[in-house]
Amino acid sequence: SAEQAAGLLARMPDEAFVRFRIEQLLWQAQALAEVGHGELLVRARPIQHGANALEVLVHSADRDGLFAAIVISLDRLGFAIHRARILDGPDDTVLDTFEVSPADSFADPDPQALVASLARVLASPLDGLRPVRRVVPRQLRHFRFAPRIEFPEAGESQCTLLNLVATDRPGLLADVAEVVRDQNLRVHDARIATFGERGEDQFLLTDDQDRPLDEPARQALRDALLAVLVPR
């Protein structure tokens with residue numbers, strides 16, 4: 001009914017209606033109809049028929065470390081994240097979408113297998129989850145360039161805007177997410193994009209009291225990011 005439809009749409013972030021296509025919004029709303037507000041929901045579907053690339057949807061009550069847990073879990077399942085949108089929803093919920101594809105031989109491209117594995121992790125405590133440690137692939141060393149870490153003005157937002165440009169590599173976003181979590185920061189919005197060997201990510205962050213980052217916190221974050229972005 002129109003009333004039910006309006007109720008579903010009210011559970012979605014306002015920003016979703018700007019960022020997503022109509023068919024994505026329809027898929028998300030239909031998925032939300034299956035769970036209560038704030039209940040864990042994980043869904044995945046092929047982006048194109050016959051292709052291994054998947055679109056992954058996560059709806060959940062927000063909690064510290066959730067973004068890192070999702071990203072690290074996808075990496076540990078053998079998937080590369082090519083694009084992502086991380087959005088705060090109403091009443092302390094999140095609505096996150098990821099475009100992923102198998103990056104390791106053990107990655108299972110079956111959407112239901114991914115959903116089951118990711119949901120199992122997100123239903124458990126998240127603190128002990130750590131990224132896989134890798135050697136930088138030989139072919140990527142030729143594309144290496146100095147990472148760019150910037151904190152531009154965030155307009156009217158009460159968050160700190162972080163712009164990050166770095167050489168893409170397996171596990172890059174998982175390492176970045178771990179740094180954000182270990183610095184006790186919260187992700188309120190994120191836009192993740194990969195262009196060939198170049199990763200361009202943008203985050204809206206606060207500290208664990210939902211305050212923008214002061215200069216010492218920004219410097220600590222910059223130092224921690226450089227430690228994982230500059231290959232050894």
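Student: Which residues is L95 in contact with, leaving aside its neighbours within four places in sequence?

Tutor: This is a predicted model. L95 sits in strand 4, residues 93-102. Leaving aside neighbours within four places in sequence, its contacts are M12, P13, A16, Q28, L57, V58, H59, R85, I86 and L87.

Student: How many residues apart in sequence are L95 and M12, and how far apart in space?

Tutor: M12 is one of the contacts of L95. In sequence, the two are 83 residues apart. In space, C-alpha to C-alpha, the value is 7.2 Å.

Student: Is L95 buried or exposed?

Tutor: Buried means under 20% relative accessible area. L95 has a relative accessible area of 2%. That makes L95 buried.

Student: Why is helix 6 described as largely enclosed by the rest of the structure?

Tutor: Helix 6 spans residues 172-182. Its buried residues include L172, D175, E178 and R181. Helix 6 is largely enclosed because ten of its eleven residues are buried.

Student: What covers the buried residues of helix 6?

Tutor: Both helices and strands take part. The strands include strand 3 (79-89), strand 6 (160-167), strand 7 (185-195) and strand 8 (198-207). The helices include helix 4 (66-76) and helix 7 (215-229).

Student: Which residue just after helix 6 takes a positive phi?

Tutor: Look just past the end of helix 6. The phi there is about 60 degrees. The residue is N184.

Student: Which residues have the most contacts inside the largest nonpolar core?

Tutor: This core has 50 residues. Its largest share, eight residues, comes from helix 4. Those with the most contacts inside the core are F98, V100, L122, F203 and L221.

Student: What does L221 touch, not counting residues up to four places away in sequence?

Tutor: L221 belongs to the largest nonpolar core. V179, a buried residue of helix 6, is among its contacts.

Student: What is the radius of gyration of the protein?

Tutor: The protein has seven helices and eight strands. For 232 residues the globule rule gives 17 Å, and the protein comes close to that, so it is as compact as a globular protein of that length. Its radius of gyration is 17 Å.

Notes: Residues are numbered from 1 along each chain as its sequence is written. This is a predicted model: local features need pLDDT of at least 70, side-chain atom pairs count only at pLDDT 80 or more; totals for chains, interfaces and linings use all residues. Side-chain values use heavy atoms; hydrogens and water are left out. Helices (H or I, at least four residues) and strands (E, at least two) are DSSP runs, numbered from the N terminus. The radius of gyration is taken over C-alpha atoms; the globule rule is 2.2 Å times the number of residues to the power 0.38. Buried means under 20% relative accessible area, exposed over 50%, partly exposed in between (1.4 Å probe, protein chains only). Contact means heavy atoms within 4.5 Å. A nonpolar core is a set of buried Ala, Val, Leu, Ile, Met, Phe, Trp, Tyr and Cys residues joined through side-chain atoms within 4.5 Å.
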